[in-house]
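Student: I would like to go through the contacts in this model and ask what each term rests on.

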Number of protein chains: 6
Amino acid sequence: MSQSQHSTDHIWDTIRQEVETAVANEPILASFLHMTVLRHKSLDDVIAFHLSSKLATSTMDARTLMELIREALDADPQIGEAMRADIQASFDRDPACTTFSTPLLYYKGFHALASYRIMHWLWQHGRQTLALFLQNRISEAFTVDIHPAAHIGRGIMLDHGHGFVVGETAVIEDNVSILHNVTLGGTGKETGDRHPKIRSGVLIGAGVKILGNIEVGRGAKVGAGSVVIEPVPPHVTVVGVPAKIVGMADSAEPALDMNQRFDCRGR
Amino acid sequence: MSQSQHSTDHIWDTIRQEVETAVANEPILASFLHMTVLRHKSLDDVIAFHLSSKLATSTMDARTLMELIREALDADPQIGEAMRADIQASFDRDPACTTFSTPLLYYKGFHALASYRIMHWLWQHGRQTLALFLQNRISEAFTVDIHPAAHIGRGIMLDHGHGFVVGETAVIEDNVSILHNVTLGGTGKETGDRHPKIRSGVLIGAGVKILGNIEVGRGAKVGAGSVVIEPVPPHVTVVGVPAKIVGMADSAEPALDMNQRFDCRGR
Amino acid sequence: MSQSQHSTDHIWDTIRQEVETAVANEPILASFLHMTVLRHKSLDDVIAFHLSSKLATSTMDARTLMELIREALDADPQIGEAMRADIQASFDRDPACTTFSTPLLYYKGFHALASYRIMHWLWQHGRQTLALFLQNRISEAFTVDIHPAAHIGRGIMLDHGHGFVVGETAVIEDNVSILHNVTLGGTGKETGDRHPKIRSGVLIGAGVKILGNIEVGRGAKVGAGSVVIEPVPPHVTVVGVPAKIVGMADSAEPALDMNQRFDCRGR
Amino acid sequence: MSQSQHSTDHIWDTIRQEVETAVANEPILASFLHMTVLRHKSLDDVIAFHLSSKLATSTMDARTLMELIREALDADPQIGEAMRADIQASFDRDPACTTFSTPLLYYKGFHALASYRIMHWLWQHGRQTLALFLQNRISEAFTVDIHPAAHIGRGIMLDHGHGFVVGETAVIEDNVSILHNVTLGGTGKETGDRHPKIRSGVLIGAGVKILGNIEVGRGAKVGAGSVVIEPVPPHVTVVGVPAKIVGMADSAEPALDMNQRFDCRGR
Amino acid sequence: MSQSQHSTDHIWDTIRQEVETAVANEPILASFLHMTVLRHKSLDDVIAFHLSSKLATSTMDARTLMELIREALDADPQIGEAMRADIQASFDRDPACTTFSTPLLYYKGFHALASYRIMHWLWQHGRQTLALFLQNRISEAFTVDIHPAAHIGRGIMLDHGHGFVVGETAVIEDNVSILHNVTLGGTGKETGDRHPKIRSGVLIGAGVKILGNIEVGRGAKVGAGSVVIEPVPPHVTVVGVPAKIVGMADSAEPALDMNQRFDCRGR
Amino acid sequence: MSQSQHSTDHIWDTIRQEVETAVANEPILASFLHMTVLRHKSLDDVIAFHLSSKLATSTMDARTLMELIREALDADPQIGEAMRADIQASFDRDPACTTFSTPLLYYKGFHALASYRIMHWLWQHGRQTLALFLQNRISEAFTVDIHPAAHIGRGIMLDHGHGFVVGETAVIEDNVSILHNVTLGGTGKETGDRHPKIRSGVLIGAGVKILGNIEVGRGAKVGAGSVVIEPVPPHVTVVGVPAKIVGMADSAEPALDMNQRFDCRGR
């Protein structure tokens, strides 16, 4: 059992209450919610059960995956803590998200990130082949292709989820918000450090491609559909194919505001 | 049984004939086609069976989903009518689509839209949690993330299907054609009316992002890859990141012509 | 048994050795790897088993699909040879790919291309309905929508895999590299030759849309996020929405170098 | 909806209460009980769902079977009434059975009999092939092989369930109790009326074989392990291989008392 | 392909016709019958598909089993011939069996015997562990426990199927009929030849136990429920616990007549 | 982890070696054996995985059952010890059983008894409803119907397994051997102590029915097919319908010798 489950777990307590209400109101979901949430003793158990439901196939048994996920959560309590911060991030930043149980149960972006966190732990502990297997399953189940070696902080909101591609040496710091279809890609076939570094507080719009070992500075905003091939200074807004600076970001941490609009009059 | 099944149902009659021919020609599909189409008495029953096959999981039984879909189709005959108009739209506008049964059975875009129509009915009838569950399943199964509260008219062609993202307060009127990877997104984390309004006859190219509570006027055309952050007048063509007007649309209803090219010489 | 399995099959021999090592190192994968790889006598058998695991559904039995895939592989040995060339392409061009078994087992792009090759053979042999069924399954399982009539050469690397859309009359020659979310689309609703022709050695970046019956010449490079609506001469680099020539490609066959960066100073 | 569901259905009302208590007490069963019982509107719906769960296979979809069972229950309300009488019989006669929900959910004998009642209706309505399919599934799922043409009354307790074999022209009247491994067999390969007739109130012990077109009279008792090849008069007890009369039955309706002992001193 | 499939295969031709009629008459079975019968090219393929459907589990893939069964059928054509003789036996001797497809598709006794024939071939070819696996699956799926080393001839009717137990050194010659719940058991814990030898033409009634290395002579009849612990001469009828001779059998080959009655007046 | 797993576990060590040999010799089983045995750290884990594979259904998830079985094994180490004694009993007494892994993996009788031991623990800890659920699943999966309240000692061999019926107040002491189709039944519909008591060392032949609260004394032998309705003194052999004493048992503990023959000359 991870440390995060000791004493009080506010998110878990709230989720149980939310789910009990949902069971009472929606008989069709009662079976799913009992099996996935209510019969478990901790949020870590719920996550292990729910992700294994989504990642299992006819050739990889759900029981095996569930145990594997628990092994990681038990070994490193920081994994569970990062997942809680991701749930909190969706709750805080997504106006359509009004409960903690919504991202836990229904947000593909959360499922992909949570699965990445397990896969990354495996990679760090020398289990490369198993990590590759999971990378494929995450790509199939959630349309998200994150290299298991990539580093991703906590408090990440991956909105809508699909189409996210992250390369081997990419880094994403804490408190970043990323819309769908974003690529943090490398370039060329040499190995070595070749992928973007996204600093904290950054907001990346839908369909953005950031290519090569370049930095997107703290609190920057990248407008939807942009292709970024040069470093982005902190706290600016960039837009276009290729992306150009069009002004300052409209807040210190655009990730928290989720304001995806940009003013191009200065272009 | 929905009203649309009464008296004659031309699309259903035609589909049965098409499928009987397919069974005779392709033994490998006979089992699937009998189970999914031929043993049923109405098109609504086929849709309920087929969508439930695609949306069921190890934690949500196909029987439960099938009954739920039928409940919606029985309660509101306009849902089935909208689905028929969507089938007709693919038949009329997609040169690769030569039968009614092709979109019904094989077009992911149709499956996603049809599932949205059920989910939207649930949302309107106070079953928000169940709608969220379906939103997740539609996202996983079809890579389409439509908020259940969004309003979408009939006669919609969602070509290729994947990557479609539609926000809570978006509106799509009748007879619109939308390629893959299109986003009708909000911006910011305030609630309220914050998503695009797409008027009838519009054609939206692949990869387009339209952000904020802005209107794309009747019969407009948005070129592939564009990012639209300002209102688009009726009957013009816009292109680019961010999108600019490059000319008039080449027909009154670009959605019906599916001409995705645009002339940029005037830019 | 296809001709490619006779005498020596270097890729198959290497894959068996790689997988035996993986089984010894990773007990959780042993079951999957024995079932999928080690119990089989040829690479063709492995491919038939593995693809059928991924394409089967509750309404289409895995046994039926496995036999169908074998039927194609046995009938036309060039299909298996093209698959081997695709595996070799990922091994040569992707710095994160260090074994032959990785694309075979875990690369969604390879799975989608391999499934296309089976589907294309069916289409060529008059089994259109079955090809449509598979087109839908490939779209659902891998988020790749290739029309079964499209022509695709060998030695193709489809990196990350998801979001690839290829129209009916498109042609992709040998030794092309294509990132995710690329569209080779038609335009308009007339039938006839209406999709792009991609010549050998081309590199197409993430999110590129190429629209209409236009040619992208040998060894050209198309920058990420570009929308191409005019022919691209050989050996140039094009970028933008719409795409413009920004210089010469930095090598004779950009597909082999995978250098996705581009220099826009000349724009 | 069958007539038996109109107005009040005491057994259904009681079962719902019992199951609600079970859900509250046993979280592990909550999912199963919600899916199988609580989300349904009538006992007929529960039976259709539960039997289809048990009879479905990888080649016969649960949805198809559920609809078939409902079709029978809707067409002939006497089927549902007979099932209720069977539930009541277990409740009245089996000291280990203290709730109505126990036979409904957990007694293989009830499941086999209920499935027979559906199969018999199909046989009577000219659907012989489908009845044969179900006969096989009932045999596999419950180890009970009843010919679909056999006639079986209501208020039957089939205790423990397995090994029951009933031939084509057998008749079992109302209020009979039958232990496991009982055979009502024919003999010879001629067609025609060739199987036993069991009158009301009879108790048949474990492992009994009754062979040929012979009558077991009202209120008779057949001791465990007996082989009966001659008619049995009313209200006697028979025992042995072959069975002989050893005395009078100890009550008017041995089926209701379930006293399987017999006194052989008179033999 | 086994030799038995060459040139004409009367049983297969007839079964195809029967099944085509069934598909036309019973839409609910069309899917099952197409998948299991009509899409295949030979009876051996049907058997391999059908048995693998019944023997597969969540931990043993149906594709693997199907290939294994085909391997045996291809290697030894006598296996397929024995299966055809078993089908013919049910057709000839069971008055309730009026088509060849009935035992093939729906008789558990046939499925158990056919599975035994595959398992026996494996045992003979040194694959003991795999044979033990199948022995367990046959026991679970059909309630029949035959030791893989036992020898069983052709033209066997195993009526109703369940409860059959056959020990390691038992022999059953051709043209024997066996009702349900029959045991051919050993006794003691020494190894060596210790099970019954059943000669041709014998009829064994329901629930019979024959124990030890004793012979039941040609054309003998063993009455239902008997326990046989001494050799039975040819052409007699034995009955009782323990079994005694009660007269001559009423035909030369009781197995063909299926007259399970016996006259005990001489006892 | 149960106490039985601490320090050395001879049976588990031996089973691992046996299974490693089997994997090397039989590729088709490698997947099953890795998943079920080799990837686990203790025999208890193997049992929990294997039984949950067999008891899971479409409405009861294998993960839930696996956790439940582990909960019981962890809570009471005597359960695991009894299972080891049952494995040892088959190894010692069944001449066809030459490895410890054979009963563990392939003997239905062992699976039924092991499942009973879990169910009995649940019953003893106040979880009656869950025990009833498992009673039904054990009956369906193994054709064994043991009331969860019955008391069964250790070192039990349940040979062939199917058809075993044990009532609520039955007692079976240690070191008993029981063939298939044995009934330890009650009689009448009163509650209270009403089922047989089987003392240690007893051998019960195939198809035996023992009815009522009667004792079968230490070291007694009950011949196949007998119906026992009176107490059996220690160390005698009884046979017949109804059973009579025919002599002394031929050893002190007939259960260990498995000599099922009996001499009736004295009858």
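Student: How many salt bridges does the rule find across the interface of chain A and chain C?

Tutor: The rule finds two across that interface. This is a predicted model, in which local features need pLDDT of at least 70 and side-chain atom pairs count only at pLDDT 80 or more, while totals for chains, interfaces and linings use all residues. Residues are numbered from 1 along each chain as its sequence is written, chains are lettered from A and ligands numbered from 1 in the order in which they are written, and side-chain values use heavy atoms, with hydrogens and water left out.

Student: What makes C:Lys54 and A:Glu140 a salt bridge?

Tutor: The term requires a side-chain nitrogen of Lys or Arg within 4 Å of a carboxyl oxygen of Asp or Glu. The closest N and O atoms of C:Lys54 and A:Glu140 are 2.6 Å apart, so the pair meets the rule.

Student: Which element gives the most to the side of chain A that touches chain C?

Tutor: Helix 8 of chain A does, with seven residues. Helices here are DSSP runs (H or I, at least four residues), as are strands (E, at least two), numbered from the N terminus. Helix 8 spans 128-142.

Student: How is the area between chain A and chain C defined, and what is its value?

Tutor: Buried area is the accessible area (1.4 Å probe) that two parts lose on being put together, summed over both. For chain A and chain C the value is about 3,200 Å², with carbon and sulfur atoms giving 61%.

Student: How many residues of chain A are in contact with chain C?

Tutor: Contact means heavy atoms within 4.5 Å. By that rule 37 residues of chain A are in contact with 42 residues of chain C.

Student: Where are the domains of chain A?

Tutor: Domain 1 covers 1-144 and domain 2 covers 150-267; the bounds come from an automatic or database domain assignment. Between these two domains of chain A, about 1,500 Å² is buried, 55% of it from carbon and sulfur atoms. In domain 1 of chain A, 19 residues are in contact with 21 residues of domain 2 of chain A.

Student: Why is the pair A:Glu81 and A:Arg154 called a salt bridge?

Tutor: The N to O distance between the side chains of A:Glu81 and A:Arg154 is 3.9 Å. The limit is 4 Å, so the pair counts. Across the interface of domain 1 and domain 2 of chain A the rule finds one salt bridge.
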